[in-house]
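Open the model in your viewer and keep the selection panel at hand.

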Amino acid sequence: MRRHQIPQKQIDIMRRQFIRGDETGYRIAKKLGISTVTSWRYMTEFKRIKAAYPEKLNNMKFFMPEEPKQHRMTPLYVQFLSVLPRLLADEVPGVKAKPVWRKYRKLYPEGYAYLPFTELFYIWIKENHVPGKPKIIQSLPEKDLKVLKKWKHSAIRRNWQIATTLLMALETSCYKDITDKTEATFQTIKSWISTYEEKGLSAFALPKHKIFPTVIKRMNSRAGKVIKLLHESPKMHGLNRTSWTITALAETYEKVYAEKISWGQTSYTLKQNGYRFKKSRDMLTSQDPKFREKINKLQNALRRLKKDEKFFSIDEYGPVGVKIKGGRMLKKKNEDYQIPDKQKHKGVVICTAALELSTNQVTHFYSTRKNTFETMKLVEMLISEYSDQKRIFLCWDNVSWHRSNILLGFIKEHNNGSRPLVVPMPLPSSAQFLNVIESVFGGLARAVIHNSNYDGLEDCKAAIDRHFMERNEYFRNHPKRAGNKIWGKEPVAPRFCETQKCRDRRAMRGADQK
């Protein structure tokens, strides 16, 4: 029983309830604020005592102490009641028991000792509603009360401490209660209260730190460099690793750019740009040994792009089954929103498309499958539509049907004396996140695929056609605003940038699935 001991008062209460039999162990535990295990152990012990001493059951004094008796009206207590009002007449409100007890002992040397006097003193004070010590703060303006209530629910600990201090000072006269609650020192509590009384809440406002443009520029530059390294394989920098760690990124950053960066700065930069360590099907690091060479080639082509040249980002969206699709939607809290698990689709959509980066125009058609001949069909459409151009660049993923000998032979045969000159610009392997048209497909999925329930395949195709038609028209009318993220809910701007991630897994959820 030693490990489960509780105060003697609680044990006595439990004994009385056991003898009377008017409460269960659970109710006793709830009433006393103890665990049910503890109450059960004590009840079991009481049963053992009852079984061992059956002849003593009627003797309540043996089994449990008597109920505490009320204080008797002894001559000493009557004397105390008669003299106490006279002693308090000369004291200020909120007086403590000790100075009153000293006066009492001078009048009655054989009276109560200090501890019993203190107990009776505060009982008498409470019963007779004698005014206590005045509150620390008498009142607070309504405007300050609103601010303090917001601070009390703030995540900033300092604001919570100040608000709790001032609100408790309005209700109590005891500094100890405030220090126990806020865990601040007495001197700090006093300084906060005096500061508020002198200057008000404005004195607690922290100075705003000004971030200079040069600092912002340096942070953006550092973020771009870190993300460039993240997209490269660690083996390219002599590390025997298959994936990056924050420590490895920081060390490689210092070697490559001759600039110091701490572990914390690297971690903060990655978090600010939306990168987390997680298991995912998305590959953010390309294992292509010619990654840097291919990226430089793409960037040089875009940098030197002339007016009579066009650069296309090409890919296929789908296959997507035409059926009831889920997604994010505004609904009431209790409104049911479920999608059938097993559905028979009404058809399958594969959309092959090309995004021209300088004008942000999309050329698309619908395929029955993903193969070399469908890609050749798209190339023929682009050659016909942009026949007035001198050269067109085709940027696509490094998949088998984009690098087949049949396709390369077709392009080589066309380039023998025909315009425009077709130049393939394949992305590094496993670098779909750099394919710019993935961003457009993400906007398409959120706009017309998520939360859809089309009647058939033709209705779905009509919605996709209308989406691309409105998008092309918008960018023809607003060429300077091309790349606005808001239009079509595209996750990133439709432009080639090595540091961005074009493929949005949340938006593309449901694609490539029948």
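Predicted model: local features only at pLDDT ≥ 70, side-chain atom pairs only at ≥ 80, totals over all residues.

Residues are numbered from 1 along each chain as its sequence is written, and side-chain values use heavy atoms, leaving out hydrogens and water.

**Helices 9 and 10**

Select residues 157–169, helix 9, and residues 175–182, helix 10. Helices here are DSSP runs (H or I, at least four residues), numbered from the N terminus. Their axes come within 10 Å and cross at roughly 160°. Axes are lines fitted to C-alpha atoms over the stretch in contact, with angles from 0 to 180 degrees between N-to-C directions. Helix 9 and helix 10 are therefore roughly antiparallel (angles over 145 degrees). Now show the contact (heavy atoms within 4.5 Å). Helix 9 brings residues including Trp160 and Met168; helix 10 brings Asp177, Ile178, Lys181 and Thr182.

**Helices 13 and 14**

Move to residues 246–257, helix 13, and residues 263–272, helix 14. Their axes come within 9 Å and cross at roughly 110°. That makes helix 13 roughly perpendicular to helix 14 (65 to 115 degrees). Ile246, Thr247, Leu249 and Ala250 of helix 13 meet Trp263, Thr266, Ser267 and Leu270 of helix 14.

**The cavity**

Finish by selecting Val320, Gly321, Val322, Lys323, Lys325, Val349, Ile449, Ser452, Tyr454 and Cys460, which line the largest cavity. A cavity is a set of points on a 1 Å grid where a 1.4 Å probe fits but cannot get out; lining residues have an atom within 4 Å of a point.

Note on methods
1 Å grid on protein atoms, 1.4 Å probe; cavity = no way out; pocket = protein on both sides within 12 Å on 5 of 7 lines; lining within 4 Å. Helix = DSSP H or I, 4+ residues; strand = E, 2+ residues; numbered from the N terminus. Parallel < 35°, antiparallel > 145°, perpendicular 65-115°, else oblique.
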